[in-house]
Amino acid sequence: MGALLSALLSSIRGGVHPETRKFLSAESPIEPMPIPALLRLPLQQHIGAPAEPLVARDDHVLKGQLIARARGPISANLHAPTSGRVIAVGPFPAPHPSGLPVPTITLRPDGADRWAPRLPRLRPEDAEPEEIAARVAEAGIVGMGGATFPAAVKLTLRDRYRLHTLIINAAECEPYLTCDDRLLRERAEEVADGAGIMARALGVTKIIVAIESNKPAAAAAMRRHNLGLGHPVQVRVVATQYPMGSEKHLVRAVTGRETPARALTAELGIVVHNSATAQAVHLAVRYGEPLLSRVVTVSGRGVARPANVQALLGTPVADLLAHCGGLTEDPDRLLLGGPMMGQPIRSPRVPVVKGTNGVLALTRAETRKAETMPCIRCGACVRACPCGLTPFELNARIQAGDLEGAAAVGLLDCVSCGCCSYICPSNIPLVQGFSFAKGKLAETESRKHQQEETRRLAAARTAREEAIAEAKRAAMARHKAQMAEKKRRAAEEAAQAAEEAPAEPQEAAK
Ligand code: SF4
Ligand code: SF4
(Lines give C-alpha, C1' and ligand atoms only; values in the text may rest on other atoms or scores of the structure.)
(Ligands and ions follow the chains in the order given, each with its own letter.)
Protein backbone atom coordinates (compact mmCIF):
# COMPACT_ATOMS: atom_id res chain seq x y z
CA MET A 1 0.00 0.00 0.00
CA GLY A 2 1.87 2.98 -1.15
CA ALA A 3 1.71 6.53 0.03
CA LEU A 4 0.08 7.28 -3.33
CA LEU A 5 -2.98 5.11 -2.64
CA SER A 6 -3.16 6.52 0.89
CA ALA A 7 -3.17 10.00 -0.57
CA LEU A 8 -6.03 9.09 -2.91
CA LEU A 9 -8.15 7.85 0.00
CA SER A 10 -10.15 10.14 2.25
CA SER A 11 -7.64 11.92 4.42
CA ILE A 12 -7.65 14.61 7.07
CA ARG A 13 -5.98 18.00 7.28
CA GLY A 14 -2.58 17.86 8.93
CA GLY A 15 -1.78 14.69 10.83
CA VAL A 16 1.38 12.61 10.81
CA HIS A 17 2.53 9.19 9.64
CA PRO A 18 4.39 7.57 12.54
CA GLU A 19 5.89 4.13 12.03
CA THR A 20 2.91 1.88 12.81
CA ARG A 21 4.75 -1.19 14.16
CA LYS A 22 1.46 -3.07 14.02
CA PHE A 23 3.24 -6.08 12.52
CA LEU A 24 4.39 -6.99 16.04
CA SER A 25 0.90 -8.21 17.02
CA ALA A 26 -1.34 -7.98 13.92
CA GLU A 27 -1.08 -11.68 13.09
CA SER A 28 -1.74 -12.78 16.66
CA PRO A 29 -5.35 -14.06 16.93
CA ILE A 30 -7.30 -13.03 20.02
CA GLU A 31 -6.39 -15.44 22.82
CA PRO A 32 -8.30 -15.79 26.10
CA MET A 33 -6.32 -15.14 29.26
CA PRO A 34 -6.63 -17.42 32.29
CA ILE A 35 -8.52 -15.94 35.23
CA PRO A 36 -5.99 -13.98 37.32
CA ALA A 37 -5.47 -14.48 41.05
CA LEU A 38 -6.85 -11.00 41.83
CA LEU A 39 -8.98 -8.49 39.96
CA ARG A 40 -8.87 -4.77 40.79
CA LEU A 41 -11.99 -2.94 39.67
CA PRO A 42 -11.90 0.87 40.01
CA LEU A 43 -15.35 2.40 40.51
CA GLN A 44 -14.59 4.94 37.84
CA GLN A 45 -13.72 3.38 34.50
CA HIS A 46 -15.72 5.90 32.52
CA ILE A 47 -16.30 9.61 32.03
CA GLY A 48 -18.75 10.95 34.63
CA ALA A 49 -19.53 10.19 38.25
CA PRO A 50 -17.92 7.11 39.88
CA ALA A 51 -20.24 4.14 40.36
CA GLU A 52 -21.62 3.43 43.85
CA PRO A 53 -20.39 0.13 45.35
CA LEU A 54 -23.09 -2.44 46.19
CA VAL A 55 -20.79 -5.00 47.82
CA ALA A 56 -18.68 -5.11 50.96
CA ARG A 57 -15.62 -7.04 52.06
CA ASP A 58 -16.18 -10.81 52.28
CA ASP A 59 -19.24 -10.78 50.04
CA HIS A 60 -19.33 -13.64 47.56
CA VAL A 61 -20.29 -12.54 44.07
CA LEU A 62 -21.19 -14.33 40.85
CA LYS A 63 -19.99 -13.62 37.34
CA GLY A 64 -22.02 -10.82 35.77
CA GLN A 65 -23.44 -9.67 39.13
CA LEU A 66 -23.88 -5.90 39.48
CA ILE A 67 -21.25 -4.81 42.03
CA ALA A 68 -21.41 -1.03 41.59
CA ARG A 69 -24.32 1.03 40.32
CA ALA A 70 -24.13 4.06 38.01
CA ARG A 71 -24.52 7.26 40.03
CA GLY A 72 -26.50 9.76 37.93
CA PRO A 73 -27.09 10.03 34.21
CA ILE A 74 -23.38 10.21 33.20
CA SER A 75 -21.92 7.18 34.93
CA ALA A 76 -21.70 3.42 34.30
CA ASN A 77 -22.61 0.17 36.03
CA LEU A 78 -19.84 -2.27 36.97
CA HIS A 79 -20.22 -6.07 37.12
CA ALA A 80 -18.13 -8.87 38.60
CA PRO A 81 -16.00 -10.28 35.72
CA THR A 82 -16.00 -13.73 37.36
CA SER A 83 -17.26 -15.38 40.56
CA GLY A 84 -15.29 -14.98 43.77
CA ARG A 85 -14.95 -13.16 47.08
CA VAL A 86 -14.65 -9.42 47.56
CA ILE A 87 -11.52 -8.93 49.66
CA ALA A 88 -11.48 -5.14 49.78
CA VAL A 89 -13.44 -2.04 48.86
CA GLY A 90 -11.05 0.86 49.17
CA PRO A 91 -8.28 2.89 47.57
CA PHE A 92 -5.88 1.32 45.05
CA PRO A 93 -3.49 3.05 42.58
CA ALA A 94 -5.31 4.24 39.47
CA PRO A 95 -4.35 3.16 35.94
CA HIS A 96 -3.35 6.77 35.34
CA PRO A 97 -0.03 8.68 35.17
CA SER A 98 -0.61 10.07 38.68
CA GLY A 99 -0.91 6.57 40.14
CA LEU A 100 -3.00 8.14 42.91
CA PRO A 101 -5.27 5.76 44.82
CA VAL A 102 -8.92 5.62 43.70
CA PRO A 103 -11.87 3.70 45.18
CA THR A 104 -11.56 0.13 43.93
CA ILE A 105 -13.26 -3.24 44.50
CA THR A 106 -10.72 -6.07 44.81
CA LEU A 107 -12.04 -9.51 43.93
CA ARG A 108 -10.36 -12.84 44.59
CA PRO A 109 -11.75 -15.21 41.90
CA ASP A 110 -12.86 -18.66 43.13
CA GLY A 111 -12.02 -20.32 39.81
CA ALA A 112 -15.59 -21.64 39.33
CA ASP A 113 -16.50 -18.76 36.96
CA ARG A 114 -20.14 -19.27 37.97
CA TRP A 115 -22.68 -16.96 36.34
CA ALA A 116 -25.38 -14.97 38.12
CA PRO A 117 -28.73 -15.10 36.26
CA ARG A 118 -28.13 -13.22 33.02
CA LEU A 119 -30.24 -10.32 31.85
CA PRO A 120 -33.12 -11.52 29.68
CA ARG A 121 -32.27 -11.70 25.99
CA LEU A 122 -33.81 -9.02 23.78
CA ARG A 123 -34.91 -9.45 20.22
CA PRO A 124 -33.52 -6.22 18.80
CA GLU A 125 -35.68 -6.48 15.69
CA ASP A 126 -38.72 -5.89 17.94
CA ALA A 127 -37.15 -3.85 20.76
CA GLU A 128 -37.98 -0.19 21.20
CA PRO A 129 -35.01 2.25 20.92
CA GLU A 130 -35.40 3.11 24.62
CA GLU A 131 -35.22 -0.58 25.55
CA ILE A 132 -31.95 -0.96 23.66
CA ALA A 133 -30.43 2.14 25.28
CA ALA A 134 -31.60 0.93 28.72
CA ARG A 135 -29.96 -2.47 28.12
CA VAL A 136 -26.69 -0.85 27.05
CA ALA A 137 -26.76 1.25 30.24
CA GLU A 138 -27.61 -1.81 32.35
CA ALA A 139 -24.64 -3.68 30.83
CA GLY A 140 -22.21 -0.89 31.81
CA ILE A 141 -20.97 -0.36 28.24
CA VAL A 142 -18.79 2.69 27.57
CA GLY A 143 -16.87 3.93 24.52
CA MET A 144 -14.20 1.25 24.22
CA GLY A 145 -11.91 3.11 21.85
CA GLY A 146 -10.52 4.85 24.92
CA ALA A 147 -13.03 7.72 25.28
CA THR A 148 -15.07 5.74 27.89
CA PHE A 149 -18.15 7.94 27.55
CA PRO A 150 -21.25 5.93 28.64
CA ALA A 151 -22.50 4.42 25.35
CA ALA A 152 -26.19 4.51 26.33
CA VAL A 153 -26.14 8.31 26.59
CA LYS A 154 -24.98 8.56 22.99
CA LEU A 155 -27.74 6.16 21.95
CA THR A 156 -30.40 8.61 23.15
CA LEU A 157 -29.17 11.46 20.94
CA ARG A 158 -32.13 10.90 18.58
CA ASP A 159 -34.23 12.80 21.14
CA ARG A 160 -32.25 15.98 20.48
CA TYR A 161 -30.84 15.74 16.96
CA ARG A 162 -32.03 14.75 13.50
CA LEU A 163 -29.73 11.80 12.95
CA HIS A 164 -29.13 9.91 9.72
CA THR A 165 -25.80 8.04 9.95
CA LEU A 166 -23.92 5.77 12.33
CA ILE A 167 -20.17 5.53 11.75
CA ILE A 168 -18.36 2.60 13.33
CA ASN A 169 -14.85 3.77 14.13
CA ALA A 170 -12.40 0.99 13.26
CA ALA A 171 -9.64 3.33 12.11
CA GLU A 172 -7.30 2.29 14.94
CA CYS A 173 -4.75 4.91 13.96
CA GLU A 174 -2.48 4.59 17.02
CA PRO A 175 0.77 2.76 16.28
CA TYR A 176 1.17 -0.77 17.76
CA LEU A 177 -2.55 -1.31 18.50
CA THR A 178 -4.23 -4.16 16.63
CA CYS A 179 -7.12 -5.14 18.95
CA ASP A 180 -9.83 -3.59 16.73
CA ASP A 181 -8.18 -5.04 13.61
CA ARG A 182 -8.33 -8.54 15.13
CA LEU A 183 -11.89 -8.00 16.39
CA LEU A 184 -13.05 -7.17 12.88
CA ARG A 185 -11.11 -10.03 11.32
CA GLU A 186 -12.44 -12.59 13.81
CA ARG A 187 -15.85 -11.26 14.93
CA ALA A 188 -17.07 -9.11 12.03
CA GLU A 189 -20.55 -10.60 12.21
CA GLU A 190 -20.95 -9.57 15.85
CA VAL A 191 -19.65 -6.05 15.14
CA ALA A 192 -22.10 -5.69 12.20
CA ASP A 193 -24.98 -6.95 14.35
CA GLY A 194 -24.06 -4.56 17.20
CA ALA A 195 -23.89 -1.72 14.67
CA GLY A 196 -27.36 -2.64 13.38
CA ILE A 197 -28.73 -2.69 16.95
CA MET A 198 -27.23 0.73 17.69
CA ALA A 199 -28.58 2.08 14.40
CA ARG A 200 -32.05 0.94 15.49
CA ALA A 201 -31.66 2.73 18.83
CA LEU A 202 -30.56 5.89 17.01
CA GLY A 203 -33.30 5.67 14.40
CA VAL A 204 -30.84 5.67 11.46
CA THR A 205 -30.48 3.26 8.56
CA LYS A 206 -27.13 4.31 7.14
CA ILE A 207 -24.20 2.44 8.71
CA ILE A 208 -20.59 2.97 7.67
CA VAL A 209 -17.59 1.12 9.08
CA ALA A 210 -14.45 3.26 8.64
CA ILE A 211 -11.19 1.30 8.44
CA GLU A 212 -7.69 2.57 7.71
CA SER A 213 -6.09 1.34 4.49
CA ASN A 214 -3.46 -0.68 6.38
CA LYS A 215 -6.08 -3.25 7.52
CA PRO A 216 -7.24 -4.92 4.30
CA ALA A 217 -8.13 -8.22 6.04
CA ALA A 218 -10.45 -6.40 8.46
CA ALA A 219 -12.10 -4.54 5.57
CA ALA A 220 -12.56 -7.84 3.69
CA ALA A 221 -14.12 -9.50 6.76
CA MET A 222 -16.57 -6.64 7.17
CA ARG A 223 -17.48 -6.81 3.49
CA ARG A 224 -18.39 -10.47 4.00
CA HIS A 225 -20.65 -9.54 6.95
CA ASN A 226 -22.28 -6.46 5.55
CA LEU A 227 -25.70 -6.56 7.16
CA GLY A 228 -26.60 -5.10 10.55
CA LEU A 229 -30.16 -5.92 11.57
CA GLY A 230 -31.13 -6.00 7.90
CA HIS A 231 -29.45 -2.70 6.99
CA PRO A 232 -26.42 -2.65 4.68
CA VAL A 233 -23.14 -1.96 6.45
CA GLN A 234 -20.88 -0.03 4.09
CA VAL A 235 -17.11 -0.33 4.43
CA ARG A 236 -15.21 2.91 3.90
CA VAL A 237 -11.44 2.60 3.65
CA VAL A 238 -9.75 5.80 4.79
CA ALA A 239 -6.11 6.88 4.57
CA THR A 240 -3.62 5.52 7.07
CA GLN A 241 -2.93 8.72 8.88
CA TYR A 242 -2.75 9.70 12.51
CA PRO A 243 -5.13 10.88 14.17
CA MET A 244 -7.72 9.43 11.77
CA GLY A 245 -9.52 7.76 14.71
CA SER A 246 -10.34 11.10 16.34
CA GLU A 247 -14.14 11.31 16.03
CA LYS A 248 -14.49 14.65 14.27
CA HIS A 249 -11.59 13.98 11.93
CA LEU A 250 -13.03 10.61 10.96
CA VAL A 251 -16.37 12.24 10.18
CA ARG A 252 -14.49 14.78 8.03
CA ALA A 253 -12.65 11.99 6.19
CA VAL A 254 -15.78 9.89 5.61
CA THR A 255 -18.32 12.60 4.79
CA GLY A 256 -16.23 15.65 3.91
CA ARG A 257 -18.17 17.62 6.52
CA GLU A 258 -16.60 19.69 9.27
CA THR A 259 -17.98 19.53 12.83
CA PRO A 260 -17.97 23.01 14.39
CA ALA A 261 -15.46 23.57 17.22
CA ARG A 262 -16.69 22.26 20.56
CA ALA A 263 -19.87 20.85 18.98
CA LEU A 264 -20.99 17.22 18.69
CA THR A 265 -20.94 15.32 15.40
CA ALA A 266 -24.66 14.75 16.13
CA GLU A 267 -25.18 18.32 14.95
CA LEU A 268 -24.33 17.00 11.48
CA GLY A 269 -26.74 14.07 12.05
CA ILE A 270 -23.88 11.61 12.63
CA VAL A 271 -23.05 9.46 15.67
CA VAL A 272 -19.72 7.64 15.97
CA HIS A 273 -19.19 4.49 18.05
CA ASN A 274 -16.10 2.29 18.30
CA SER A 275 -16.12 -1.23 16.82
CA ALA A 276 -15.47 -2.90 20.21
CA THR A 277 -18.44 -0.97 21.63
CA ALA A 278 -20.61 -2.38 18.83
CA GLN A 279 -19.53 -5.93 19.69
CA ALA A 280 -20.24 -5.34 23.40
CA VAL A 281 -23.74 -4.09 22.48
CA HIS A 282 -24.34 -7.27 20.45
CA LEU A 283 -23.45 -9.43 23.51
CA ALA A 284 -25.54 -7.34 25.91
CA VAL A 285 -28.66 -7.28 23.77
CA ARG A 286 -28.64 -10.75 22.19
CA TYR A 287 -27.19 -12.70 25.16
CA GLY A 288 -27.80 -10.51 28.21
CA GLU A 289 -24.05 -10.28 28.96
CA PRO A 290 -22.74 -7.19 30.69
CA LEU A 291 -19.31 -5.80 29.84
CA LEU A 292 -16.85 -8.06 31.68
CA SER A 293 -13.79 -8.24 29.45
CA ARG A 294 -12.16 -6.67 26.42
CA VAL A 295 -9.50 -7.31 23.78
CA VAL A 296 -6.17 -5.71 24.66
CA THR A 297 -3.06 -5.48 22.47
CA VAL A 298 0.06 -6.26 24.48
CA SER A 299 3.02 -5.05 22.45
CA GLY A 300 6.30 -3.17 22.16
CA ARG A 301 9.84 -4.49 21.81
CA GLY A 302 9.95 -4.87 25.57
CA VAL A 303 7.36 -7.71 25.43
CA ALA A 304 8.67 -11.20 24.69
CA ARG A 305 5.58 -12.34 22.74
CA PRO A 306 3.35 -9.45 21.54
CA ALA A 307 -0.27 -10.61 21.33
CA ASN A 308 -3.96 -9.69 21.42
CA VAL A 309 -5.63 -11.06 24.51
CA GLN A 310 -9.20 -11.19 25.79
CA ALA A 311 -8.64 -9.95 29.35
CA LEU A 312 -11.14 -9.69 32.19
CA LEU A 313 -11.63 -6.15 33.43
CA GLY A 314 -9.47 -5.70 36.51
CA THR A 315 -6.64 -7.94 35.28
CA PRO A 316 -3.33 -6.47 36.50
CA VAL A 317 -1.00 -5.27 33.72
CA ALA A 318 1.71 -7.49 35.25
CA ASP A 319 -0.46 -10.57 34.53
CA LEU A 320 -0.89 -9.55 30.89
CA LEU A 321 2.84 -9.05 30.49
CA ALA A 322 3.53 -12.42 32.14
CA HIS A 323 0.97 -14.11 29.86
CA CYS A 324 2.86 -12.66 26.88
CA GLY A 325 6.18 -14.16 27.97
CA GLY A 326 7.25 -11.34 30.28
CA LEU A 327 9.60 -8.45 29.56
CA THR A 328 12.71 -8.70 27.41
CA GLU A 329 14.35 -5.83 29.27
CA ASP A 330 13.49 -3.08 31.69
CA PRO A 331 11.11 -0.94 29.57
CA ASP A 332 11.82 2.72 29.07
CA ARG A 333 8.07 3.41 29.10
CA LEU A 334 5.10 1.36 30.22
CA LEU A 335 1.91 2.66 28.65
CA LEU A 336 -1.82 2.02 28.67
CA GLY A 337 -3.04 2.77 25.13
CA GLY A 338 -0.97 3.78 22.12
CA PRO A 339 2.30 5.72 22.09
CA MET A 340 0.67 8.95 20.81
CA MET A 341 -2.16 9.41 23.30
CA GLY A 342 -1.60 6.59 25.81
CA GLN A 343 -1.10 7.10 29.53
CA PRO A 344 2.26 6.25 31.09
CA ILE A 345 1.83 4.15 34.21
CA ARG A 346 4.10 3.90 37.22
CA SER A 347 3.50 0.32 38.16
CA PRO A 348 2.39 -2.89 36.38
CA ARG A 349 0.11 -3.59 39.37
CA VAL A 350 -2.58 -1.31 37.93
CA PRO A 351 -5.48 -3.04 36.18
CA VAL A 352 -6.98 -3.20 32.70
CA VAL A 353 -10.16 -1.11 32.64
CA LYS A 354 -12.98 -0.65 30.13
CA GLY A 355 -11.02 1.85 28.02
CA THR A 356 -7.70 -0.05 27.94
CA ASN A 357 -7.04 -1.00 24.31
CA GLY A 358 -3.30 -1.55 24.70
CA VAL A 359 -0.49 -2.30 27.12
CA LEU A 360 2.86 -1.26 25.65
CA ALA A 361 6.32 -1.91 27.04
CA LEU A 362 8.59 0.31 24.93
CA THR A 363 12.34 -0.06 25.00
CA ARG A 364 14.80 2.82 24.90
CA ALA A 365 15.29 2.22 21.18
CA GLU A 366 11.55 2.78 20.57
CA THR A 367 11.14 5.98 22.55
CA ARG A 368 12.50 9.27 21.35
CA LYS A 369 14.58 10.80 24.08
CA ALA A 370 16.35 13.76 22.56
CA GLU A 371 17.34 17.03 24.15
CA THR A 372 14.77 19.83 23.96
CA MET A 373 15.99 22.79 21.89
CA PRO A 374 14.55 26.27 21.36
CA CYS A 375 11.78 26.74 18.80
CA ILE A 376 13.16 27.55 15.35
CA ARG A 377 9.80 28.70 13.97
CA CYS A 378 9.89 26.08 11.24
CA GLY A 379 6.08 25.77 11.21
CA ALA A 380 6.11 21.96 11.08
CA CYS A 381 3.76 21.80 14.08
CA VAL A 382 1.28 24.11 12.32
CA ARG A 383 1.25 21.90 9.23
CA ALA A 384 0.77 18.77 11.36
CA CYS A 385 -2.03 20.08 13.60
CA PRO A 386 -5.31 18.49 12.45
CA CYS A 387 -7.26 21.16 14.32
CA GLY A 388 -5.75 24.09 12.43
CA LEU A 389 -4.02 25.51 15.51
CA THR A 390 -0.65 27.25 15.86
CA PRO A 391 1.08 25.04 18.43
CA PHE A 392 4.27 27.12 18.71
CA GLU A 393 2.20 30.18 19.57
CA LEU A 394 0.11 28.25 22.09
CA ASN A 395 3.34 27.05 23.64
CA ALA A 396 4.86 30.55 23.76
CA ARG A 397 1.80 31.91 25.56
CA ILE A 398 1.73 29.04 28.02
CA GLN A 399 5.45 29.45 28.75
CA ALA A 400 4.79 33.14 29.44
CA GLY A 401 2.06 32.13 31.93
CA ASP A 402 -0.64 33.63 29.71
CA LEU A 403 -3.21 30.82 29.86
CA GLU A 404 -6.10 33.12 28.99
CA GLY A 405 -4.15 34.19 25.91
CA ALA A 406 -3.54 30.55 24.99
CA ALA A 407 -7.27 29.88 25.35
CA ALA A 408 -7.96 32.86 23.09
CA VAL A 409 -5.90 31.25 20.30
CA GLY A 410 -7.60 27.86 20.54
CA LEU A 411 -6.08 25.90 23.43
CA LEU A 412 -9.47 24.38 24.23
CA ASP A 413 -9.88 23.13 20.65
CA CYS A 414 -6.69 21.06 20.96
CA VAL A 415 -7.57 17.32 20.96
CA SER A 416 -4.21 16.37 22.56
CA CYS A 417 -3.33 14.16 19.60
CA GLY A 418 0.41 14.83 19.99
CA CYS A 419 1.09 15.37 16.25
CA CYS A 420 2.88 18.66 17.02
CA SER A 421 5.23 17.10 19.59
CA TYR A 422 5.86 14.16 17.29
CA ILE A 423 6.91 16.34 14.36
CA CYS A 424 8.81 19.06 16.25
CA PRO A 425 12.52 19.00 15.25
CA SER A 426 13.39 20.77 18.49
CA ASN A 427 11.75 17.99 20.54
CA ILE A 428 9.61 20.47 22.45
CA PRO A 429 7.07 18.56 24.55
CA LEU A 430 4.23 20.67 23.19
CA VAL A 431 1.25 18.40 23.89
CA GLN A 432 2.37 17.79 27.47
CA GLY A 433 2.35 21.57 28.01
CA PHE A 434 -1.08 21.86 26.42
CA SER A 435 -2.56 19.11 28.57
CA PHE A 436 -1.07 20.74 31.67
CA ALA A 437 -2.44 24.17 30.65
CA LYS A 438 -5.89 22.74 29.92
CA GLY A 439 -5.89 21.13 33.35
CA LYS A 440 -4.92 24.46 34.94
CA LEU A 441 -7.63 26.32 33.03
CA ALA A 442 -10.21 23.73 34.06
CA GLU A 443 -9.03 24.10 37.67
CA THR A 444 -9.27 27.92 37.49
CA GLU A 445 -12.67 27.63 35.87
CA SER A 446 -13.86 25.26 38.58
CA ARG A 447 -12.41 27.53 41.31
CA LYS A 448 -14.12 30.53 39.69
CA HIS A 449 -17.35 28.58 39.58
CA GLN A 450 -16.92 27.61 43.25
CA GLN A 451 -16.17 31.23 44.23
CA GLU A 452 -19.22 32.44 42.30
CA GLU A 453 -21.29 29.77 43.98
CA THR A 454 -19.93 30.79 47.41
CA ARG A 455 -20.68 34.45 46.63
CA ARG A 456 -24.17 33.54 45.46
CA LEU A 457 -24.84 31.49 48.60
CA ALA A 458 -23.45 34.27 50.85
CA ALA A 459 -25.62 36.89 49.10
CA ALA A 460 -28.67 34.63 49.42
CA ARG A 461 -27.90 34.14 53.12
CA THR A 462 -27.49 37.91 53.72
CA ALA A 463 -30.78 38.52 51.90
CA ARG A 464 -32.46 35.85 54.01
CA GLU A 465 -31.06 37.34 57.25
CA GLU A 466 -32.10 40.85 56.21
CA ALA A 467 -35.61 39.63 55.43
CA ILE A 468 -35.82 37.98 58.86
CA ALA A 469 -34.52 41.15 60.59
CA GLU A 470 -37.00 43.27 58.63
CA ALA A 471 -39.84 40.94 59.60
CA LYS A 472 -38.73 41.18 63.25
CA ARG A 473 -38.58 44.99 63.07
CA ALA A 474 -42.03 45.10 61.52
CA ALA A 475 -43.41 42.75 64.21
CA MET A 476 -41.83 44.88 66.93
CA ALA A 477 -43.29 48.07 65.46
CA ARG A 478 -46.70 46.42 65.25
CA HIS A 479 -46.39 45.26 68.85
CA LYS A 480 -45.38 48.75 70.01
CA ALA A 481 -48.28 50.31 68.11
CA GLN A 482 -50.67 47.80 69.66
CA MET A 483 -49.30 48.53 73.18
CA ALA A 484 -49.60 52.29 72.65
CA GLU A 485 -53.13 51.85 71.38
CA LYS A 486 -53.96 49.71 74.39
CA LYS A 487 -52.50 52.32 76.74
CA ARG A 488 -54.37 55.10 75.01
CA ARG A 489 -57.65 53.20 75.30
CA ALA A 490 -57.04 52.42 78.97
CA ALA A 491 -56.37 56.12 79.68
CA GLU A 492 -59.50 57.10 77.80
CA GLU A 493 -61.58 54.58 79.71
CA ALA A 494 -60.14 55.80 83.04
CA ALA A 495 -60.93 59.39 82.16
CA GLN A 496 -64.43 58.51 81.15
CA ALA A 497 -65.00 56.54 84.36
CA ALA A 498 -63.80 59.50 86.39
CA GLU A 499 -66.22 61.81 84.67
CA GLU A 500 -69.15 59.52 85.23
CA ALA A 501 -68.52 58.93 88.96
CA PRO A 502 -71.06 60.88 91.40
CA ALA A 503 -69.55 63.90 93.25
CA GLU A 504 -68.96 63.42 97.06
CA PRO A 505 -71.26 65.45 99.47
CA GLN A 506 -68.42 67.25 101.26
CA GLU A 507 -69.48 70.71 102.68
CA ALA A 508 -73.17 69.84 103.21
CA ALA A 509 -72.33 66.99 105.57
CA LYS A 510 -70.24 69.27 107.75
S1 SF4 B 1 7.72 22.38 15.13
FE2 SF4 B 1 8.81 22.90 16.99
S3 SF4 B 1 10.47 24.17 16.27
FE4 SF4 B 1 9.02 24.09 14.58
S5 SF4 B 1 7.68 25.88 14.94
FE6 SF4 B 1 6.73 24.19 15.95
S7 SF4 B 1 7.45 24.32 18.07
FE8 SF4 B 1 8.83 25.55 16.81
S1 SF4 C 1 -1.84 18.20 20.30
FE2 SF4 C 1 -3.25 19.88 19.95
S3 SF4 C 1 -2.02 21.52 19.10
FE4 SF4 C 1 -0.84 19.62 18.90
S5 SF4 C 1 -1.30 18.88 16.89
FE6 SF4 C 1 -2.76 17.88 18.26
S7 SF4 C 1 -4.54 19.23 18.27
FE8 SF4 C 1 -2.85 20.40 17.37
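**Ligand shells, nonpolar cores and local backbone features**

Of the 13 residues around ligand 2, those that come nearest are Cys385, Cys414, Cys417, Gly418 and Cys420. The structure described here is a predicted model. The space that ligand 2 takes up is the largest cavity. Two elements, α12 (419-423) and α13 (430-500), each give two or more residues to the shell around this ligand. By class, the shell of ligand 2 comprises 11 nonpolar and 2 polar residues, with no charged residues.

The shell around ligand 1 likewise contains 13 residues, of which Cys375, Cys378, Gly379, Cys381 and Cys424 come nearest. Its residues divide into 10 nonpolar, 2 polar and 1 charged. Arginine 377 is placed in the loop between β18 (358-362) and α9 (380-384). The phi angle of arginine 377 is near 55°, a positive value in a residue other than glycine. With a relative accessibility of 59%, arginine 377 counts as exposed, because the threshold for that class is over 50%.

The largest nonpolar core consists of 64 residues, and the members that touch the most others are Ile141, Leu166, Ile168, Ile211 and Met222. Helix α4 (residues 179-202) makes the greatest contribution to this core, with 12 residues. A second, separate core has 22 residues, among them Cys173, Val238, Met244 and Leu250. In soluble globular proteins, nonpolar side chains tend to be buried together.

When neighbours within four places in sequence are left aside, methionine 222 is in contact with Leu184, Ala188, Val191, Ala192, Val209, Ile211, Val233 and Val235.

Isoleucine 208 belongs to strand β10 (residues 206-212). Its relative accessibility is 2%, and isoleucine 208 therefore counts as buried, the limit being under 20%. With residues up to four places away in sequence not counted, isoleucine 208 touches Thr165, Leu166, Ile167, Ile168, Gln234, Arg236 and Val254. Isoleucine 208 and alanine 192 are 16 residues apart along the chain, and their C-alpha atoms are separated by 9.9 Å.

Val254, one of the residues touched by isoleucine 208, is also among the buried residues of α6, together with His249, Leu250, Val251 and Ala253. The buried residues of this helix pack against β9 (165-170), β10, β12 and β13 (270-274). Just after α6, glycine 256 adopts a positive phi of about 80°.

Further backbone features occur in loops. Proline 243 is located in the loop between β12 (231-238) and α6 (247-255), and the peptide bond from tyrosine 242 to proline 243 is cis, with omega near 0°. Arginine 21 is found in the loop between α1 (3-8) and β1 (30-32). Although arginine 21 is not a glycine, its phi is positive, at about 50°. Most residues other than glycine have a negative phi, and most peptide bonds are trans.

Leucine 43 lies in the loop between β2 (39-42) and β3 (52-53). At 8% relative accessibility, leucine 43 falls under the 20% limit and so counts as buried. Not counting residues up to four places away in sequence, leucine 43 touches Pro50, Ala51, Pro53, Ala68, Leu78, Pro103, Thr104 and Ile105. The C-alpha atoms of leucine 43 and histidine 323 are 26 Å apart in space, with 280 residues of sequence separation.

Histidine 323 is in turn a contact of arginine 305, which also contacts Glu31 and Cys324 when neighbours within four places in sequence are left aside. Arginine 305 is situated in the loop between β14 (293-299) and β15 (307-312). The relative accessibility of arginine 305 is 36%, and this residue therefore counts as partly exposed. Arginine 305 and glutamate 186 are 119 residues apart in sequence and 20 Å apart in space, C-alpha to C-alpha.

Glycine 401 occupies the loop between α10 (391-399) and α11 (403-408). Its relative accessibility of 56% is over 50%, so glycine 401 counts as exposed. From glycine 401 to histidine 79, the C-alpha to C-alpha distance is 45 Å, and the two residues are 322 residues apart in sequence.

Methods. Residues numbered from 1 in each chain as written. Chains lettered and ligands numbered in written order. Predicted model: local features only at pLDDT ≥ 70, side-chain atom pairs only at ≥ 80, totals over all residues. Heavy atoms only, no water. Core = buried A, V, L, I, M, F, W, Y, C linked by side-chain atoms within 4.5 Å. Buried < 20%, exposed > 50% of the residue type's maximum accessible area, 1.4 Å probe, protein only. Helix = DSSP H or I, 4+ residues; strand = E, 2+ residues; numbered from the N terminus. Contact = heavy atoms within 4.5 Å. Near = heavy atom within 4 Å. 1 Å grid on protein atoms, 1.4 Å probe; cavity = no way out; pocket = protein on both sides within 12 Å on 5 of 7 lines; lining within 4 Å. Sits in = over half its atoms within 2 Å of the grid points. Nonpolar A, V, L, I, M, F, W, Y, C, P; charged D, E, K, R; others polar.
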